[in-house]
Amino acid sequence: MGDFSQAFQIAFNLLWSMDVELYSIVYLSLKVSISAVLISCALGFLIGAALTVFRFPGRRVLLILFNALMGLPPVVVGLMVYMVLSRSGPLGVLGLLYTPTAMIIAQTVLITPLVAALSAQVLQELHHEYDEFFRSLQLSGREKLMTLLWEGRFGLVTVGLAGFGRAISEVGAVMIVGGNINHVTRIMTTAIALETSKGTLSLALALGIILIAISLLVNTSVALVRSKAKEAIYA
Amino acid sequence: MLEQTNRTSTSTALRRCKPLQFKDVVLEIDGVALIRQINCTLDSSGKTIVLGPNGAGKSLFLRLLAGLMEPTSGAITGGLEEQDGLRKLAQDTGAPCMSLVFQNPVMLRRTAFENIAFVLRHHQVPKHEISSKVDKALAIARLETRAHVPARRLSGGEQQRLALARTLMINPYALLLDEPSASLDPLSTAIVEDMIERADAMGTKIVLVTHDIKQAKRMADDILFIHEGRVLAHKSKRAFFKDPGSKQAQAYLDGRVPQE
């Protein structure tokens, strides 16, 4: 019990003293996850909108597929990306394995289906409301798509935040493709796993506190966006 | 929208339009015939008021006319028939198409100003003209003071006026209205009717569905009575109110259940 309280004390000291190692891990985590979320949103919003606006053979199958892929196991994504980026894989020549770029790729693969499926849900509801209006204006498919993305902006921000929540808390995929190399690919989740297994709980605890704070911040942001949308009756 | 300069362009569009014709139009949904062999011709100008009890098929009639639904059989001809043609005309004359104003106005999640500007941008109105055009439209809809309010925060009457102003901005050659003043107060109804009259004066064809007999008497040039998916009468206002032509229409006007 005494060890635990001591660990907490050291953890708070690390946080308070702006420990360079601790914050470099936090910085890399945010960099990787924010990059992955931005790429996933760019892809996922467009996929979600396209699945909403356009009617083509296989559309339903794709919707089911993206919904199913929302629950993709991170370690499986890690394994797939590892095979693609490993020296004998198709993109091995790029030498990306065990770099932050590989981690961004893995997280992007992991959360793009989530963003696409949730975006489609948000936008389908809007499309139902606007369909006849759009058709009466004879909007082209592209115009419908762009208008829906703007009209659904509040809902899509919460989708993006949900994606970020999944990315920042993910450990399996980034561990496999990043390798958890100190000062290179070590991020919060992989560092917590490593430090805990080593028995050095203080750094793991400090990172855990930051991770929980980020999670709270994301959830608060979601609530704020929702209330702002409701307040303006934009929702 | 209501400027003299645009009058010319609207007339140009009207010269190109033909009367709207329903030829043996049938619409079936899930095997049930909701529109049963409608044959009628609507002039390319003037105000046609569509009357009929609930469930008669009036809204479906408008949707078929607007091209939002395809008939199961038969054809609707006249007006501007080609999609590409509509777009071309929009650029050439500014009088592009038929526009439908819905019973429950559809508002974009933007301000009243932006709702109108959206339609103008879509119709390639030059950027520097948008602000002044929107201001004029808001003035006609008596919404000048509500320009920067989110449209979905406006009252029902204000939303309907905004929807109508937004539609009129594109100078449609035919304006189709589905009970635009249902559940509106007398002031909003008067403003909506004034806007419709202005559009009519510009040469826009008006097709208005309503349950308000007094409104029909005030506004109609001709009346189309629909009952159970069939047109039972299509007459001038004077002729219709003198002799509705069927016991169903007479019962509707008297506000009683028709005797079988």
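The chat below goes through a predicted model, starting with chain A and then turning to its contact with chain B.

User: How are residues and chains labelled here, and what kind of model is it?

Analyst: Residues are numbered from 1 along each chain as its sequence is written, while chains are lettered from A and ligands numbered from 1 in the order in which they are written. The model is predicted, so local features need pLDDT of at least 70 and side-chain atom pairs count only at pLDDT 80 or more, whereas totals for chains, interfaces and linings use all residues, and side-chain values use heavy atoms, with hydrogens and water left out.

User: What secondary structure does chain A have?

Analyst: Chain A comes to ten helices and zero strands, where helices (H or I, at least four residues) and strands (E, at least two) are DSSP runs numbered from the N terminus. Its C-alpha trace spans about 70 × 50 × 25 Å along the principal axes.

User: At what angle do α2(A) and α3(A) pack?

Analyst: Helix α2 (residues 20-53) and helix α3 (residues 59-69) of chain A pack at about 145°, with their axes 10 Å apart; axes are lines fitted to C-alpha atoms, for helices over the stretch in contact, and angles run from 0 to 180 degrees between N-to-C directions.

User: And which residues meet there?

Analyst: From α2(A), A:Ile47, A:Leu51 and A:Thr52 meet A:Arg59, A:Leu62, A:Leu63 and A:Phe66 of α3(A), contact meaning heavy atoms within 4.5 Å.

User: New topic: how much area do chain B and chain A bury between them?

Analyst: They bury about 2200 Å², with 51% of it on carbon and sulfur atoms; buried area is the accessible area (1.4 Å probe) that two parts lose on being put together, summed over both. On the side of chain B, B:Leu68, B:Arg109 and B:Arg152 supply 31% of the area that this chain buries against chain A, more than any other three residues. The contact takes 26 residues from chain B and 21 residues from chain A.

User: How many salt bridges are there across that interface?

Analyst: The rule finds four across the interface of chain B and chain A, counting a side-chain nitrogen of Lys or Arg within 4 Å of a carboxyl oxygen of Asp or Glu. A salt bridge joins the side chains of B:Arg110 and A:Glu151, at 2.5 Å from N to O.

User: What about A:Arg135, which residue does it pair with?

Analyst: A:Arg135 forms a salt bridge with A:Asp131, the closest N and O atoms being 3.4 Å apart. Both residues lie in helix α5 (residues 100-136) of chain A, four residues apart, about one turn of the helix.
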